[in-house]
Amino acid sequence: MDLLTLIVFLPALGGLLCLFVPRAQVRVVAVLASLATLLVSLLLFPTFLGGAEAAESIFGTSYGKLQHVIRLPWITGEGFEIEYFLGIDGLGFPLIILTTLVSFLSCLASWNFDTWKINKGIRGYFFLFLLLETGMLGVFVSLDFFLFYIFWEVMLLPMYFLIGVWGGPRKEYAAIKFFLFTLAGSVLMLVALVAMYFYGGAAIEAAGGSVPSGYRVTDSGAPVAITHGTFDLIELATNDVIQKYFSAKATLFLGMRFAPIMFMFLFIGFAIKLPSVPFHTWLPDAHVEAPTPISMILAGVLLKMGGYGFLRLCYPIFPLGGEYWAFLLATVGVVSILYGALCAMAQTDFKKLVAYSSVSHMGYVLLGIAVMTPAGFQGAMFQMIAHGISSPMCFFLVGVIYDRAHHREINRFGGLWLTMPKYGTMATIGFFASLGLPGLCGFIGEVWVLLGTFDAGSKYTWAYPMAILAAAGVILTAGYILWLIRRVYLGNEREEYRGFPDASGREIFILVPMAILCIALGVLPMQTVFNFTNGTLDLLLAGVTDTINAMI
Amino acid sequence: MSFLAQTDPWAGIDVGEQLFAFSPMIALICTMLAVVTCPLLFGRGPRPIAIVVAVGVIVTFYLAMRVAGVVSTGAISGLSPGGAGGMLIADPLSAGFQIILMVFLAGIFWLWWMGSAATERNAPEFFILLLGSALGMALMVSTLNLLLIVVAIETASLPSYAIVGFDKRDKAGAEAALKYMVFGSVSAAVMLYGISLLYGLVGSLNVADLAQYVATMGFHTGESSVLLSVGLLAFFAGIAFKVSAVPFHFWCPDAFEGAKVEVTTWLSVASKAAGLILLARVALTFCAAVEAPLNMQFLEPVAWVIGIVAAVTCTIGNFSAYKQESVKRLLAYSSIAHAGYMMMAAAVFVYAGSPGYTAGLTALLVYIIIYMFMNLGAFGITALVVWDGGSDKLDAFNGLMRRAPWLAIPMIICLMSLVGLPPFAGFIGKWWILVALGGLDSTLGWFLVIAAVANTLISLYFYLRIVVRMVFAEDQRAAVRAPVGGIALVNLCALALLLLFVFAQPLKTSAEQLSRGMYQAVASNTSDSSSARVADSGS
């Protein structure tokens with residue numbers, strides 16, 4: 001059994017087990033299953049350790065060097081090959097660790113399931129929860145587009161039920177909105193899936209029916225021959241013949257140029273997940289209605305799939321699309337930053353504020369990717385990881401206070417730090433990390449993205465104004481977070497909250513790892529994130545730039 | 001009259017072989033006769049009838065398997081002395097369809113035994129009609145003779161009208177049957193009129209001759225073109241009625257709502273599948289006859305017409321399902337939409353034009369098999385809920401997750417499979433259709449791909465309406481009492497949907513074999529008329 005398969009399907013196995021154990025033991029089984037997944041995923045670390053000296057042996061010399069690869073034929077036919085193809089590189093690896101960690105912590109956050117308002121069907125809850133984890137992990141490791149799509153869709157149904165059954169008052173509306181939005185994105189992806197396969201096949205046929213693979217070699221060192229269309233995401237990105245055909249002017253899809261239109265189809269699918277304005281409206285609803293652990297998963301992992309999709313599919317496979325739409329994408333990114341921050345400022349619902357802050361933060365990811373500079377890509381990736389730690393923490397902090405107060409009205413709170421000092425301390429770390437205070441994780445990602453955007457000024461004249469506007473977003477972020485802290489945690493102690501117990505041992509246990517990571521990522525960005533991601537990101541960007549330069 | 005001149009019309013024909021090739025249909029007829037005789041010997045109770053039917057279905061299934069094994073090396077066209085264009089065809093496709101039909105019939109029989117057997121007083125009549133329509137459908141996929149096509153469609157339709165209104169005291173059923181019959185008779189008359197025009201024009205009832213005529217004359221030459229177009233259009237209208245393609249779909253929701261659930265399930269899959277395979281056969285015969293250079297110019301408009309009808313059928317079916325309160329009616333509209341998806345595959349093989357092009361037919365067969373499980377499951381659960389609560393309204397499903405989890409979970413699987421969501425087999429069915437469409441690499445193909453995925457999105461909402469009722473709605477009613485056998489049946493269907501997703505490969509391979517070995521009809525004036533056995537036509 002190889003490591004990645006084990007990591008992906010361990011949660012699902014635990015989920016099945018949950019269906020058969022006595023009711024009182026279900027949560028124990030679920031926590032153990034997610035803990036086991038976390039521990040097994042940590043075994044991936046040795047592969048990526050070694051620092052800058054070993055970068056070449058870990059990440060290769062061009063995009064496409066993979067670790068822990070497994071490929072088995074799944075559905076094959078004449079000129080048709082769908083594979084069970086898993087592998088990780090600097091893109092997938094950090095997100096796997098993030099997923100297993102956030103899943104474990106949010107599984108712990110579900111420990112008090114019995115005290116929830118809707119506490120029926122504990123077996124179903126943990127089964128769906130763990131099935132969701134399998135789906136998320138599958139997305140980050142599958143490198144066959146078909147398989148990727150399957151895992152992408154597998155997440156939908158569990159998430160729908162988790163929000164719809166165990167959610168708040170408007171749960172049905174929120175759940176169906178989430179489902180419809182995401183499916184709308186994925187059907188566009190499905191069109192791209194079919195089109196990429198046939199256009200790739202046409203490219204190979206035009207080149208004589210057999211071309212050397214862009215990255216795969218046989219045991220003797222000769223490149224593998226590719227004789228038909230492929231779903232292999234790395235092959236699509238690295239094969240010169242396919243790349244030339246995809247970006248050629250004469251390659252049309254329904255009368256439109258192939259690369260930009262396919263890029264757009266994929267982009268919309270991922271932008272819905274990210275979410276960026278104007279596809280973001282499902283997110284506040286889903287977050288507000290979802291139970292706390294599910295909000296943590298949503299913010300911590302699901303949103304990252306959008307960014308991962310850009311970096312794995314859109315840019316490597318359709319670099320020309322990235323160039324073509326750069327201005328639009330950067331604009332959408334900046335609008336998301338500013339609009340999300342302004343919306344967050346206007347909220348009086350604690351959870352909705354954090355939800356809109358996610359929209360704003362993910363705008364940096366989109367901006368960083370859109371400008372296509374090394375710092376931009378690195379910053380976007382860092383921002384995803386950082387947000388993946390700070391925003392589940394914020395959602396959990398909201399959950400802790402909601403469990404006690406049973407409301408989330410910001411204006412009705414006040415002076416909580418005096419009542420609950422431990423909780424107040426944790427909350428300050430979490431929200432300051434989200435704010436982007438230097439020394440905490442949010443800062444590095446934002447600054448890197450801004451630097452990357454300034455860098456892009458040499459190729460795009462619009463990059464400077466974009467960077468300035470995005471930098472203004474930082475001020476807005478500081479505005480709404482500081483205002484939030486003042487209204488909720490500072491001020492005089494209020495009578496109605498005087499009796500609240502401070503954070504329990506379990507809550508502290510969940511908050512501390514995230515608080516430590518917030519600080520660690522802020523202080524040691526190289527050692528905690530960049531060393532694992534930059535190798536792949538730089539090679540990826542080099543490939544993208546080469547293709548663009550060759551075409552222009 | 002030409003064969004009268006010959007001394008021995010059966011010369012060169014192995015009668016034994018031919019009888020064997022058509023033995024599944026003969027077994028079906030024998031079963032019907034046995035069902036007629038049974039009451040005289042053992043009384044009218046459901047038990048003896050059920051035994052006879054079960055044995056008959058198993059024997060037919062066995063014979064169809066045997067035939068499929070034999071004809072996989074070549075197709076047989078026969079039971080018509082002295083002509084290459086035989087009346088009946090036995091090839092892997094027809095044998096394969098008979099196998100599918102028998103599996104499905106077994107499922108319907110199981111459902112009937114669970115729900116209706118105890119109260120059914122007219123079991124012999126019910127089964128004669130059901131088996132009769134099965135025979136008609138088996139015939140529909142085994143012929144390329146215009147006359148026999150009409151006979152087959154009528155054989156399938158007439159018993160269907162009767163079983164839709166089988167319960168005399170049920171007003172809704174009677175109304176449904178009448179509507180169904182009026183629509184059916186009109187479209188049959190239109191079809192017959194079209195066929196008479198075509199016969200007058202071509203002078204032959206063989207579709208291959210007709211295709212040959214079209215290929216040589218084309219639509220644009222001669223004053224006969226109007227006659228030809230009208231004739232063909234009327235002919236296809238008859239098929240479109242069976243498939244319930246827009247605008248011939250109005251009978252479908254009424255008939256499905258009024259009929260018993262077993263009957264609705266039967267019609268929703270079997271009659272559409274037979275119609276689509278007949279369409280496939282006819283279309284591919286045309287493609288084979290049309291010479292390559294003329295190919296696109298002539299067939300492209302036809303493909304566009306079929307494609308647009310398919311896309312419209314899909315969209316109208318899905319949008320009409322939105323407002324339905326009766327689950328049976330909702331599923332009826334969903335079956336219209338699914339007929340649309342399957343017709344998209346039909347557009348593929350017309351457009352592709354080459355007889356060796358099997359992707360479309362393979363996709364169609366895979367879809368039919370998967371669709372059979374989805375509908376058997378969804379209708380089966382509806383039946384169990386209706387038998388318990390007496391209502392098929394959405395309210396009857398309220399809180400099903402708590403009242404009967406073993407019905408709610410397979411229902412969710414079946415519905416999500418109908419949407420086409422992985423990891424359920426419905427996605428695989430849609431996937432092969434998308435692949436076949438994408439493989440065309442043409443505007444039509446990509447237009448239909450987009451239409452298909454857009455419809456997936458549209459359909460999600462109304463399928464979710466049932467899910468919402470089952471999972472989210474509060475309901476204090478008691479648990480659903482359902483027979484264990486019924487629960488087993490629907491859960492088997494759900495399991496099949498999961499397994500057919502994981503093991504998509506074998507399903508596709510066998511469907512490919514069926515479509516590859518399909519009999520290619522040849523026009524009588526170009527072929528060697530002494531040989532009734534046609535060599536392997538697969539490529």
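Let me begin with the ground rules. This is a predicted model, in which local features need pLDDT of at least 70 and side-chain atom pairs count only at pLDDT 80 or more, while totals for chains, interfaces and linings use all residues. Residues are numbered from 1 along each chain as its sequence is written, chains are lettered from A and ligands numbered from 1 in the order in which they are written, and side-chain values use heavy atoms, with hydrogens and water left out.

I turn to the interface. Taking contact to mean heavy atoms within 4.5 Å, 37 residues of chain B are in contact with 36 residues of chain A. The area buried between the two chains, that is, the accessible area (1.4 Å probe) that two parts lose on being put together, summed over both, is about 3200 Å², and carbon and sulfur atoms give 83% of that area. On the chain B side, B:Trp431, B:Trp446 and B:Phe472 lose the most area to chain A, together 22% of what that side buries.

Which elements of chain B give two or more residues to the side that touches chain A? They are α16 (405-419), α17 (425-440), α18 (443-471), α19 (484-502) and α20 (504-516) of chain B, where helices are DSSP runs (H or I, at least four residues) and strands likewise (E, at least two), numbered from the N terminus. Of these, α18(B) gives the most, with 14 residues. By class, this side has 28 nonpolar, 5 polar and 4 charged residues, where Ala, Val, Leu, Ile, Met, Phe, Trp, Tyr, Cys and Pro count as nonpolar, Asp, Glu, Lys and Arg as charged, and the others, Gly among them, as polar.

Side chains of opposite charge can pair when their charged atoms come close.

Next come the cavities, each a set of points on a 1 Å grid over the protein atoms alone where a 1.4 Å probe fits but cannot get out, with lining residues having an atom within 4 Å of a point. Grid points are joined across faces, edges and corners, and a volume is the space filled by probe spheres set on the points. The search of the whole structure finds 6 cavities of 30 Å³ or more, and about 60 Å³ of space lies in the largest cavity. Its lining includes A:Tyr149, A:Glu153, B:Lys430 and B:Trp431, and the largest share, 4 residues, comes from α17(B).

Finally, the backbone. A cis peptide bond joins B:Pro422 and B:Pro423, with omega about 5°, and B:Pro423 lies in the loop between α16 and α17 of chain B. In chain A, a cis peptide bond joins A:Val277 and A:Pro278, with omega about 10°.

Methods:
1 Å grid on protein atoms, 1.4 Å probe; cavity = no way out; pocket = protein on both sides within 12 Å on 5 of 7 lines; lining within 4 Å.
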